[in-house]
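Student: Let us go through the labels in this model one by one. I want each term set against its cut-off.

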Amino acid sequence: MTRREWLALISTAPLLKAAPDAPAAPVSIAKCASYDEDVTGKLATMFDQLGGLERLVRKKTVTIKLNMTGGPGVRLRGMPPAMTHYVHPKVIGATAYLMGKAGATRIRFVESAWATAGPLEDVMLDSGWNVRTLLSAAPGVEFENTNGLGKGKKYSRFKVPGKAYMYPEYVLNHAYEDTDVFVSLAKLKEHADCGVTLSLKNCFGIIPASIYGDDAGADNPNEKPTKGRSDVVHFGKRQPAKIAPPELYPGVGIKNGGYRVSRTVADLAVVRPIHLAIIDGVESMAGGEGPWIRGVRPVKPGVLLAGLNPVSTDAVGAAVMGFNPRAERGTPPFRNADNTLLLAEAHGVGAADLSRIEVRGVSIADALYKFQ
C-alpha cells in the first residue's frame, strides 16, 4: 500500500474514534426456550418495555427486513432453515399480529432472496412456511423480494450524508423508501466475514443483486439475477451497474468482506435508519451465518431481543453471545473483520457502549449463551 492509499484508508475508517454523542436506547431481553412457547406474549411484553408499538406504527406503513440468508435448500443437518439460520415464521407472524393490533395500516415483509428476483412467497414456501398463516396475521400484510425492481416502477436513491465508507449513494428497491417505519428482524448468529450478524448486518440484504450482483449488467440492472454480491461488494473485483455510483476508494483497503461488507453495512444504517431492531435467538447456529460455513453447529440460546436503536441492540446481542461489543479487529468475534458496531457508532448511528444502554426484562448475565 502506498502512502497516499494509507492516508485515504485512515481518513475513511475511524474505527476506534469515540462517539460520545451517538444515541443510545433501551434494549429488552426475554427468555424463550422454544418456539412452542408464547412468542406473541413475550414480544408484546418486550415492546411494552420499550414504550409500546402504537406510538411507532399506528396508521403507518411498516417495512420489515427478514433474515433469510442463502437458498432454502441449503440446510444444516437437514434441519428447517428457521431452526438454524433463518428468522422463524412464528416470530414473524407474532410481530405482524402485534403491529396490526397496534394500528399499522400496511405491513410489508421484505428480503433480497438468494440468487432470484422471483416472488418472496415462493422462497417461503420452499422453506416450509405457511404463507397463508403469515398473510392472515394482520390486515395489510404483503411480501416483496427486493433483490431487483420488484413491484416498483423505479429504484430509490439513498445518498450518504457526510463522508461514506464505501459508496456515496446506494440504489435500492422502492420498498425501503416507500415506508414510514423500518424494522430489522434478524437472527442471533456469528458471521464468517463480519464477526456477528444481528440487526445491522441483516440489512446488508437490502442491496439488490440486480445492481450489485456478480451478474449485474455493466450499465443497467439485471432483473433476473442468479448470483450473489461477492465480486462487487465483498471483493471489489468490479463496480455495480452504472445506475449506481462506483465505490469511493477503489484499490484502497482490504479486499474481503471483513473490511468491505462491514463498512457497507455501516453506511446503510445511516441512509436507511432502523426504527426497531428485533433479534430471534431462540434457536440458531454457531460458527457462521449459514450451513455453507465449515464447522457450524446448531445452538439453542433461548432468547429474544428488541430495541429502538440497532447499534445498542446489537451491542447487547453481542454481549449475550459472550462477546465484547467493542472488540477490535483480531479479537473474537472480529478475528478477520472490522467491528461493524464501532463503524456505525462512528457514523453517529448509535452507541455500542454497554454502560450507556439500559437493559430491560432479563439481564445480560441471565440471558448469556456463549457462542465460542
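**Labels and their cut-offs**

Tutor: Start with Lys59, which counts as exposed because its relative accessibility is 63%. Exposed means over 50% relative accessible area, buried under 20%, and partly exposed in between, with a 1.4 Å probe and protein chains only.

Student: What is said of the phi of Lys59?

Tutor: Phi of Lys59 is near 60°, a positive value in a residue other than glycine. Lys59 lies in the loop between helix H3 (54-57) and strand E2 (61-65). Helices (H or I, at least four residues) and strands (E, at least two) are DSSP runs, numbered from the N terminus.

Student: Why does Arg77 count as exposed?

Tutor: Arg77 has 63% relative accessibility, so it counts as exposed. Phi of Arg77 is near 55°, again positive in a residue other than glycine. Arg77 sits in the loop between E2 and helix H4 (89-101).

Student: What kind of model is this, and what are the ground rules?

Tutor: This is a predicted model: local features need pLDDT of at least 70, side-chain atom pairs count only at pLDDT 80 or more, and totals for chains, interfaces and linings use all residues. Residues are numbered from 1 along each chain as its sequence is written, and side-chain values use heavy atoms, leaving out hydrogens and water.

Student: What is the mean pLDDT of the protein chain?

Tutor: The mean is 95, and 95% of the residues reach 70 or more. pLDDT is the predictor's confidence in each residue, from 0 to 100. Over residues 5-16 the pLDDT is below 50. Beyond near neighbours in sequence, that stretch has 24 contacts in the model. A contact means heavy atoms within 4.5 Å.

Student: How many disulfides does the structure hold?

Tutor: It holds 0 disulfides. The test is a pair of cysteine sulfur atoms within 2.5 Å. Cys203 is in no disulfide, and the nearest cysteine sulfur, that of Cys194, is 13 Å away.

Student: Why do Cys203 and Cys32 count as buried?

Tutor: Cys203 has 5% relative accessibility, so it counts as buried. Cys32 has 0%, so it is buried too.

Student: What puts the buried residues of helix H2 on the same side?

Tutor: The buried residues of H2 (residues 39-49) are Val39, Leu43, Met46 and Phe47. They cover an arc of only 95° around the axis, so they lie on the same side of H2. The arc is that of the directions from the helix axis to the C-beta atoms. These residues pack against strand E1 (27-31), H4, strand E10 (276-281) and strand E13 (303-307). Just after H2, Gly51 takes a positive phi of about 110°.

Student: How do you know that E2 and E3 pair?

Tutor: They have 5 bridges, in the parallel sense. Pairing takes at least two bridges found by DSSP. Ile64 stands opposite Phe109 in E3.

Student: What makes the E2 to E3 crossover right-handed?

Tutor: The chain goes from E2 through H4 to E3, and this β-α-β crossover is right-handed. With the strands pointing away from the viewer, the path from the first strand over the helix to the second runs clockwise.

Student: What else is there on E3 (residues 106-111)?

Tutor: Strand E3 is mostly covered, with 5 of its 6 residues buried. Parallel to E3 runs strand E4 (residues 141-145), joined by 5 bridges. Ile107 stands opposite Val141 in E4.
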